[in-house]
Amino acid sequence: MNAHAAPPRNGELGFWVAGLADKRPSFPRFTGQDSVDVAIVGGGYTGLWAAYFAKKIEPSLSVAVFEAEQVGYGASGRNGGWLSAMPPGNRATFARAGGGLEASRALQQEFVAGVDAVLDILQAEGIDADQHKGGALVAAHTRAGLGRLVTRRDADLKYGLTDDEVHMLDRDEFRSRIDISTVHGGLFYKHCARFHPAKLVYGLADTLTSMGVRIYEGSRVDSVADRTLTLADGRVSAARTFICTEGYSGQLLGSRTLIPVNSSLIVTRPLPDEAWQEIGWDGLQCLSDSAHTFIYAQRTSDGRIAMGGRGVPYRFGSGTGGAGATAQSTIDLISQKLSTFFPSIPFEVDHAWSGVLGVTRDWNGGVHWDPASGIGSSTGYAGHGVTSAYVGGRTLVELAFEKQTERTTLPWVGYRARKWEPEPIRWLGVHAMYRLFGVADQWEERRGSSKTSLLARIGSRLAGLHE
């Protein structure tokens, strides 16, 4: 990064949303009384997909989406732009929860199918979100990291991926795709696509409007009970209600059901052609690494690099961070990581921002439907939210309308993690876990370790991330 460059824009809901300010659809605020067949709380991917499939099942249904801020305000408008096949959680835990290995394999296969299903719908609906299916690369910068990727691939094969869908790359094979000088090798995943998050949100919202779905912004739902939604200036009776609020779910689902974990991103200014000739990245793959405090990145359609990482992981009391202003220390941390990848390229950060993920105590997501109350939810995506939102939103509709499908019997349906600890234990635990991961990464890099640090193994098991 150029130390003399102008400070980047910070917050403002992030680069994706800020860059489309003049194209953002606008929807009215809800006031008064109404009655609908399906009420959806949350105007992100999950809520929008749920509305889409409700109208596909029965076009005559009255469907309304109630968003507290603006569509795409949360993770849906701020994420790294990965449409990946990774399920939201630990596949071994899902296997133990019910159905065994075959049930967990079915979950994995549904997420593989979900990548192409989303792309097919975008094509059919004429939604241009800069989508490109180039797969995903995972870089190992240490021998210990490469060993973890070997273990990870073994688990992928165990849970149903094929040799064609995930395979190892040696150092030269990796660098022929993206020329990262420090890489020891890595993994390539076939089923992953890059996209522009805000374009996907707005494209879905426009499609829903044309289908007759009513969308309301600035319309926070304070409570849902007795088939009634209570808002600041109105009430809505609904036969079925879907709560699709992910990291913002505390008020409606309980503050200890899942917590908002922070993730931050930067995006560079467009790189010149000579920089791209040096870097490569012609396949437009998504990119991450095997570090415990891992990054995730994409090459954007206009020639930038967007890269994300954790920074400050969690705010005391489950704070959500508003419009996403990001600490300079976090910007510097991610910028340094980018410069480590490509040391000869002078980068200028154009925009930095943060958003929150919904995370359960064991990092496993779940889809829930209660026919007695008429309330359902799909949450806990823990950073794998784009395909999870598609599968989860669709599954919610199928459960609510008693449609038996391959999705309604998957092991994340009805899965519930134990509750998070109260504060301050929760804050201390999350920060301690990330501190362990950070120290472990530093240890491995400085010593050239061939084995994963004991500290990282302890942190992974405490978090429930080990498969």
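**Figure 1. Helices α2 and α5 come out roughly perpendicular to each other.** That label covers angles of 65 to 115 degrees, with under 35 degrees counting as roughly parallel, over 145 as roughly antiparallel and the rest as oblique. We're looking at a predicted model here, where local features need pLDDT of at least 70, side-chain atom pairs count only at pLDDT 80 or more, and totals for chains, interfaces and linings use all residues. Residues are numbered from 1 along each chain as its sequence is written, and side-chain values use heavy atoms, with hydrogens and water left out. The angle between α2 and α5 (residues 100–125) is about 70°, and their axes sit 14 Å apart. Axes are lines fitted to C-alpha atoms, for helices over the stretch in contact, and angles run from 0 to 180 degrees between N-to-C directions. Helices (H or I, at least four residues) and strands (E, at least two) are DSSP runs, numbered from the N terminus. The α2/α5 crossing is left-handed (near helix turned anticlockwise from the far one by less than a right angle; clockwise would be right-handed). From α2, W49, Y52, F53 and K56 meet V118, I121 and E125 of α5, where contact means heavy atoms within 4.5 Å. Sorted by type, the residues of this contact are five nonpolar, no polar and two charged. Here Ala, Val, Leu, Ile, Met, Phe, Trp, Tyr, Cys and Pro are nonpolar, Asp, Glu, Lys and Arg are charged, and the others, Gly among them, are polar.

**Figure 2. Helix α2 also meets α12, with a right-handed crossing.** The axes of α2 (residues 45–57) and α12 (residues 385–400) come within 8 Å and cross at roughly 40°, so this pair is oblique. On the α2 side we have Y45, T46, W49, A50, F53, A54 and I57; on the α12 side, V386, A389, Y390, G393, R394 and V397. That contact divides into 10 nonpolar residues, two polar and one charged.

**Figure 3. Nine strands form an open sheet with mixed pairing.** The order is β1-β17-β13-β16-β15-β14-β5-β7-β6, and two strands pair if DSSP finds at least two bridges between them. β1 (9–10) and β6 (166–170) stand at the edges with a single partner strand each, so one side of each lacks a neighbour in the sheet. Helix α11 (residues 328–341) packs on the sheet, touching β1, β13, β14, β16 and β17, and its direction makes about 55° with that of β13.

**Figure 4. Strand β13 has both faces covered.** Of its 10 residues, 10 are buried (under 20% relative accessible area with a 1.4 Å probe, protein chains only; exposed is over 50%, partly exposed in between). I259, V261, S263, L265 and V267 lie on one side, with P260, N262, S264, I266 and T268 on the other. β13 runs antiparallel to β17, joined by 10 bridges, and N262 stands opposite V356. Pairing with β16 is antiparallel too, over four bridges, with V267 opposite A306.

**Figure 5. S290 sits in the loop between β14 and β15.** S290 is buried, at 10% relative accessible area. Leaving out residues up to four places away in sequence, S290 touches V138, A139, A140, H141, G145, L146, R148 and L149. Strands β5 (residues 136–140) and β14 (residues 286–289) run parallel, joined by four bridges, and L137 has L287 as its bridge partner.

**Figure 6. L169 belongs to strand β6.** L169 counts as buried, at 4% relative accessibility. With residues up to four places away in sequence set aside, the residues L169 touches include L137, F174, R177 and F188.
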